[in-house]
Structures are given as C-alpha cells and as structure tokens.
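The following exercises are to be worked with the sequence and the coordinates at hand. Each task is followed by a solution in steps.

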Amino acid sequence: MTFKEKGLLFVLSGPSGVGKGTVCRALRERGTSLQYSISVTTRKPREGERDGVEYFFRTKEKFKEMIAHNELLEWAEYVGNFYGTPLQYVRQTLEDGKDVLLEIEVQGALQVKQNFPEGIFIFLVPPSLGELKKRITGRGTETNDLIENRLSTARTEIDLMKHYDYVIENDQVERACDRIEAVVTAEHCKQSRIIEKYKRLTEVD
Ligand SMILES: Nc1ncnc2c1ncn2[C@@H]1O[C@H](COP(=O)(O)OP(=O)(O)OP(=O)(O)O)[C@@H](O)[C@H]1O
Ligand SMILES: Nc1nc2c(ncn2[C@@H]2O[C@H](COP(=O)(O)O)[C@@H](O)[C@H]2O)c(=O)[nH]1
C-alpha cells in the first residue's frame with residue numbers, strides 16, 4: 001500500500017477589512033508554494049476587478065444552480081451576497097500534491113472544517129477594532145451602511161475565532177505573511193513526520 005502525498009488545505013478567515021486580500025496578494029508576490037482558489041460570488045465587481053481573476057462573478061440563479069449540482073465545497077450568504085468555493089479546483093489541486101489557500105468568511109470556513117477536518121484554519125485579526133474600522137473605511141469600496149453592516153458582522157466572526165487552529169495578527173503585512181509562512185512550514189514538518197512514521201510502521205522486512 002502506498003501513502004500518496006496530497007497537498008494541505010489552508011483556510012484564511014478574518015473580519016472584513018482586516019487585510020486578508022492584501023496579505024494573500026503579498027504571499028503570491030513572494031512566490032510561495034500555495035495555490036489560490038478563485039471564489040464564485042453574486043456581488044457586483046468593484047472598480048478594477050475582473051471576472052476569473054479576483055472572483056467568478058455570477059448571477060444568483062447561476063450560483064443556486066452550482067449549489068444544486070454540488071459544485072461548491074462550501075458557500076455562504078454574507079452581507080446580502082453569496083460566496084462559494086468551486087469544489088473541483090480544490091479537489092484536483094490537493095490530489096496533485098499542491099497546497100491550497102482559501103480566503104473565505106467564517107460560516108464557510110466552519111463548513112469546510114466539518115467536511116474536511118484535516119484542513120488548517122487560520123484567523124487573521126487586526127491590532128484593534130478601531131484600526132479595523134479605519135482600514136475598511138480607508139479602502140473606500142463600500143457605502144457607510146455596508147461598512148456598519150460588515151463591522152457588526154465582524155464582532156460575530158471574532159466570537160468564532162476559537163474554532164481556528166491559529167490566530168495571526170495583521171499589524172504589518174510582511175510580518176503577517178512571515179507568520180503564515182511559518183504555519184505552512186510547521187504543518188509540512190508535522191505531515192512529513194506522520195508519513196515517515198507510517199512508512200516505517202508498514203515497511204515489509
Ligand atoms: N497591515 C496593514 N496595515 C495597514 N493597512 C492594511 C494592512 N493590511 C491591509 N491594509 C489595508 O486595509 C484595507 C482592507 O484590506 P483588504 O481589502 O485586504 O481586507 P480584506 O480582509 O480582504 O477585506 P474583505 O473581507 O472586505 O474583502 C486595504 O485598504 C488595505 O490596504
Ligand atoms: N464563504 C466564503 N466566503 C468568501 C468566499 N470568497 C470570499 N469570501 C469572503 O467574503 C467576504 C467578503 O468579500 P468581499 O470581496 O466582498 O470583500 C470576505 O470575508 C471574503 O473572505 C468564498 O468562496 N466562500
């Protein structure tokens with residue numbers, strides 16, 4: 001029997017405006033081994049966002065069809081829009097032995113945890129709630145109402161961070177990236193030790 005080495009699934013969540021997207025972009029620029037899943041959403045593209053790059057932008061009807069056909073690993077309604085992770089991309093990439101990073105909100109992350117408990121769950125936190133408000137307001141992409149809505153959702157999300165394996169502060173983008181890379185390295189070491197042990201225990205004399 002062989003022990004096929006699959007990729008690891010990392011899930012990054014955190015309140016709106018904490019800097020998940022910024023940190024993921026910085027990680028990409030570093031050229032780590034992580035692969036990034038592109039989510040499907042029913043929200044309208046922001047200025048500069050392109051279909052198939054930041055998101056696959058779809059209608060509510062199409063999104064519901066994807067749910068009905070079991071095409072999503074997880075999905076959630078977040079502040080009036082639907083978001084979901086295409087299952088096939090994640091499944092195939094992990095099978096190919098590559099790590100995947102999902103940048104998703106908390107309800108979706110908890111679904112992944114139920115269906116894929118071997119995933120590694122990271123929660124990104126801001127230095128303070130005041131700083132979070134400053135960041136989401138400073139981004140200038142949402143109306144005041146939506147900002148308030150996202151900030152009140154943030155409080156509920158923070159209550160759920162106890163379900164995560166790691167809590168990482170995004171005080172500075174490069175430092176947050178270092179911490180995430182340290183988690184990836186540690187999880188790989190753990191995995192290698194398990195595989196090594198398995199091979200030794202199942203070796204034929
Ligand atoms: N460490 C940081 N220090 C200061 N500003 C930051 C930091 N990280 C991100 N920002 C800024 O905060 C704002 C929100 O960042 P970003 O859009 O990446 O957040 P997000 O968590 O992906 O939000 P959402 O969940 O709403 O998509 C951006 O203007 C970004 O430049
Ligand atoms: N459950 C999921 N949440 C997702 C997914 N893709 C993104 N997100 C999260 O939604 C909010 C809002 O994103 P925004 O781009 O509108 O600011 C944020 O927390 C994202 O992480 C997904 O596939 N599933």
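UniProt positions are given in the numbering used here, feature names are shortened, and annotations may be inferred rather than shown by experiment. The model is predicted, with local features requiring pLDDT of at least 70 and side-chain atom pairs pLDDT 80 or more, while totals for chains, interfaces and linings use all residues. Residues are numbered from 1 along each chain as its sequence is written, and chains are lettered from A and ligands numbered from 1 in the order in which they are written.

**Exercise 1. Annotated positions**

Task: State which residues the UniProt annotation "binding site" covers, and determine whether S16 is buried or exposed.

Solution. 
1. The unreviewed UniProt entry lists G14, P15, S16, G17, V18, G19, K20 and G21 under "binding site".
2. S16 lies in the loop between β1 and α1, whereas G21 belongs to helix α1. Helices (H or I, at least four residues) and strands (E, at least two) are DSSP runs, numbered from the N terminus.
3. A residue is buried if 20 or more other C-beta atoms lie within 10 Å of its own, exposed if 12 or fewer, and partly exposed in between, with C-beta atoms placed from the backbone.
4. S16 has 21 C-beta neighbours inside 10 Å and therefore counts as buried. G21 has 13 other C-beta atoms within 10 Å, so G21 is partly exposed.
5. Two residues are in contact if their C-beta atoms, placed from the backbone, lie within 7 Å. Leaving aside residues up to four places away in sequence, S16 touches I136, R150, T153 and A154.

**Exercise 2. The two ligand shells**

Task: Describe the residues around ligand 1 and those around ligand 2.

Solution. 
1. A residue is near a molecule if its C-beta atom, placed from the backbone, lies within 6 Å of it.
2. Ligand 1 has 14 residues around it, of which S16, G19, G21, T22 and R135 come nearest. Helices α1 (20-30) and α5 (129-139) each supply at least two residues of this shell.
3. For composition, Ala, Val, Leu, Ile, Met, Phe, Trp, Tyr, Cys and Pro count as nonpolar, Asp, Glu, Lys and Arg as charged, and the others, Gly among them, as polar. The shell of ligand 1 then divides into two nonpolar, nine polar and three charged residues.
4. Ligand 2 is surrounded by 14 residues, with S39, Y83, I104, E105 and G108 the closest. Strands β5 (72-78) and β6 (81-86) each contribute at least two residues to the shell around ligand 2.
5. The shell of ligand 2 comprises four nonpolar, five polar and five charged residues.

**Exercise 3. The chain as a whole**

Task: How many helices and strands does the chain have, and what fraction of its residues is buried?

Solution. 
1. The chain has seven helices and nine strands.
2. Buried residues account for 27% of the 205 residues.
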